[in-house]
Amino acid sequence: MLNMNKIRLGFIGVGGIATGRHIPTFRTFDEVEIAAVHDVDIKRAEKVAEELGIPGVFADIEDMYPHVDAIVICTPNKFHAELSINAMDNGKHVLCEKPMAMTTEECNAMIEAEKRNGVRLHIAYHYRYMKEAIASKKIIERGMIGDPLVVRVRGLRRRKVPGWGVFTNYDLQGGGALIDYGCHLLDMAMYLMGDVKPVEVSSTTYNHLSRTNTVNEWGHFNRDTFEVEDHVSAFIRFNNGATMLFETSWAANIPEDENHISISGTKAGLDVFNMQVNQADEDLMTTMRIDYIKVDETFSRLQAEDFISAIKYETPLTVTSEEAKEVSKIIEAIYLSSKEQRSIRL
């Protein structure tokens, strides 16, 4: 248990996700001090520190460690594993933005660092803290739908390729729509399914639409050098016999954006975002709608609270590193399956 009045947080990477979500959220906690920032763009780090009243700005990450108790990593995916391991080997707890890493091998190295240093590693899959996820988990744990059999997941956007940051840079991100956006819904669905392990993945990835001269709502990107996927479809088998139909896209030709997770179970079906339970007995089919979900905090605050509590009181994390690794394992298999045009056994 951490014995201190305030947890001193250091940030590695002060782009939009840090300044737009994590820093504002953590600043609402009395037991947290945003003590230091680092960014490869030192001018940006200095600007953020000045604007937000953060006392420490460090060009060298190693110089930051003595001034902090925990690190929040908000960098491109390529650096997640390296920076997380280094911070943990320096005795720091880590909150790392999703996805956990680029490969399963990197995830395993991060978990080993977590264990050998006795620190906490938290991956920022914030969809688990949404009210729909919280309510759905309660419904499933109360046995209302039975055992999940078939899961349908769709995370689809209509012509919204991110035109900022490095989202379309394969070397820095490792992929596109799947590793940036679809991973959230994949993680949320697996969380609701319970203790399952993927055993086989078959998939195809596409990037045709984003290489054509068509409208894009989220800014400009170089279509000639677009090298990540903008659309993915996959079929996933799990060790308990359950299956998942998965689709995600930045640039689908659909009427409107869609976030969808539905679970067909042995007793009933659950539509997560519409908050409906579909049931049947010997002579009736009924639909139960959830009218109210008692969740008093935003998902970002619940996520931060989870990390703080794990550090101060050694409480279990809602997103464990082992669970986050399973998501990365599927992502890696989806890319490999598409590349080699075959099913991948895990």
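Met275 sits in the loop between β12 (268–271) and β13 (276–280). The model is a predicted one. Phi of Met275 is near 55°, a positive value in a residue other than glycine. Is Met275 buried or exposed? Its relative accessibility is 5%, so Met275 counts as buried.

Arg159 also has a phi near 55°, positive in a residue other than glycine. The loop between β7 (148–156) and α7 (170–173) holds Arg159. Arg159 has a relative accessible area of 12%. The limit for buried is under 20%, so Arg159 is buried. Most residues other than glycine have a negative phi.

## A cis peptide bond

Which residues does the cis peptide bond join? They are Lys98 and Pro99, with omega at about -10°. Pro99 lies in the loop between β5 (93–97) and α5. Most peptide bonds are trans.

## Aromatic cluster

The structure holds four aromatic pairs. In one of them, the ring centres of Trp164 and Phe167 are 6.1 Å apart and the planes stand at 80°, so the pair is edge-to-face. Trp164 also pairs with Trp218. That pair is tilted, with 5.6 Å centre to centre and 45° between the planes. Trp164 lies in the loop between β7 and α7, and Trp218 in the loop between β8 (198–206) and β9 (231–238). The pair therefore ties together parts that are 54 residues apart in sequence.

Trp164, Phe167 and Trp218 form one aromatic cluster. Trp164 is partly exposed, with a relative accessible area of 46%. Trp218 is partly exposed at 27%. Phe167 counts as partly exposed at 22% relative accessibility.

## Helices α5 and α10

How do the axes of helix α5 (residues 104–117) and helix α10 (residues 321–340) cross? They come within 9 Å and cross at roughly 170°. Angles over 145 degrees count as roughly antiparallel, so α5 is roughly antiparallel to α10.

On the α5 side, the contact uses Thr104, Cys107, Asn108, Ile111, Glu114 and Lys115. They meet Ser321, Glu322, Lys325, Ser328, Lys329 and Glu332 in α10. The contact residues divide into two nonpolar, four polar and six charged.

## Annotated domain

The UniProt annotation "domain: Gfo/Idh/MocA-like oxidoreductase N-terminal" covers residues 7–125, and comes from an unreviewed entry. Over residues 7–125 the chain is 42% helix and 24% strand. The end C-alpha atoms of this stretch are 22 Å apart.

Methods. Residues numbered from 1 in each chain as written. Predicted model: local features only at pLDDT ≥ 70, side-chain atom pairs only at ≥ 80, totals over all residues. Heavy atoms only, no water. UniProt positions renumbered as here; feature names shortened; annotations may be inferred. Helix = DSSP H or I, 4+ residues; strand = E, 2+ residues; numbered from the N terminus. Axes fitted to C-alpha atoms, helices over the stretch in contact; angles between N-to-C directions. Parallel < 35°, antiparallel > 145°, perpendicular 65-115°, else oblique. Contact = heavy atoms within 4.5 Å. Nonpolar A, V, L, I, M, F, W, Y, C, P; charged D, E, K, R; others polar. Buried < 20%, exposed > 50% of the residue type's maximum accessible area, 1.4 Å probe, protein only. Phe/Tyr/Trp six-rings, centres within 6.5 Å; stacked < 30°, edge-to-face > 60°.
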